[in-house]
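Visitor: I would like to go through this structure with you. Could we begin with the charged side chains?
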Amino acid sequence: MEVTDLPLFCTQPETCLAMLATDEAIYVAYERERDFLSAPKAFIVCTVPADALVMVNDCHATEAQWLILEGRPHGVYRYQYDDRTFFVFYGGQQLFDVQASELEVAKEIYHCTSPYEAILKYQNKDHVL
């Protein structure tokens with residue numbers, strides 16, 4: 001289980017992940033940790049291919065990999081299982097596991113109230129929410 005270079009998840013209560021699957025891609029968004037609470041909320045929007053194998057609130061990791069993950073801070077990790085690459089979004093109340101060779105950070109979005117709103121804002125780049 002190796003940490004990615006993506007920002008760690010926000011540790012404030014009531015933070016969550018949001019996922020949206022479309023024909024073009026699967027979007028995953030989360031609030032990143034802030035240096036201080038008066039800073040504006042910022043959400044990381046990631047994309048994976050639309051045909052990626054996805055598990056919600058479950059993980060392909062082995063028991064040994066899972067034990068390592070449980071000891072880590074909430075964030076995005078990469079691991080190998082059956083010679084395939086997986087990314088796991090490990091949050092306080094949610095888990096999103098995706099088998100994909102790559103994970104693309106699409107954008108960092110500010111001034112949203114939720115990760116789902118950040119995904120919608122990213123998809124509607126030419127429109128103001």
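Visitor: Which side chain does E2 meet in a salt bridge?
Guide: The side chain of E2 meets that of R78, at 3.1 Å from N to O. A salt bridge here is a side-chain nitrogen of Lys or Arg within 4 Å of a carboxyl oxygen of Asp or Glu. E2 belongs to strand β1 and R78 to strand β6 (residues 75–81), so the pair ties together parts that are 76 residues apart in sequence. Strands (E, at least two residues) are DSSP runs, numbered from the N terminus.

Visitor: What kind of model is this?
Guide: The model is predicted; local features need pLDDT of at least 70 and side-chain atom pairs pLDDT 80 or more, while totals for chains, interfaces and linings use all residues. Residues are numbered from 1 along each chain as its sequence is written, and side-chain values use heavy atoms, without hydrogens and water.

Visitor: How many salt bridges are found in the whole structure?
Guide: The search finds two. R32 and E108 also meet through their side chains, at 2.3 Å from N to O. R32 lies in the loop between β3 and β4 (42–49), and E108 in strand β9 (residues 104–110).

Visitor: Is R32 buried or exposed?
Guide: R32 is buried, with a relative accessible area of 19%; E108 is partly exposed at 31%. Buried means under 20% relative accessible area, exposed over 50%, and partly exposed in between (1.4 Å probe, protein chains only).

Visitor: Turning to E31, where is this residue found?
Guide: E31 is in strand β3 (residues 25–31) and is buried, at 7% relative accessibility.

Key. Helix = DSSP H or I, 4+ residues; strand = E, 2+ residues; numbered from the N terminus.
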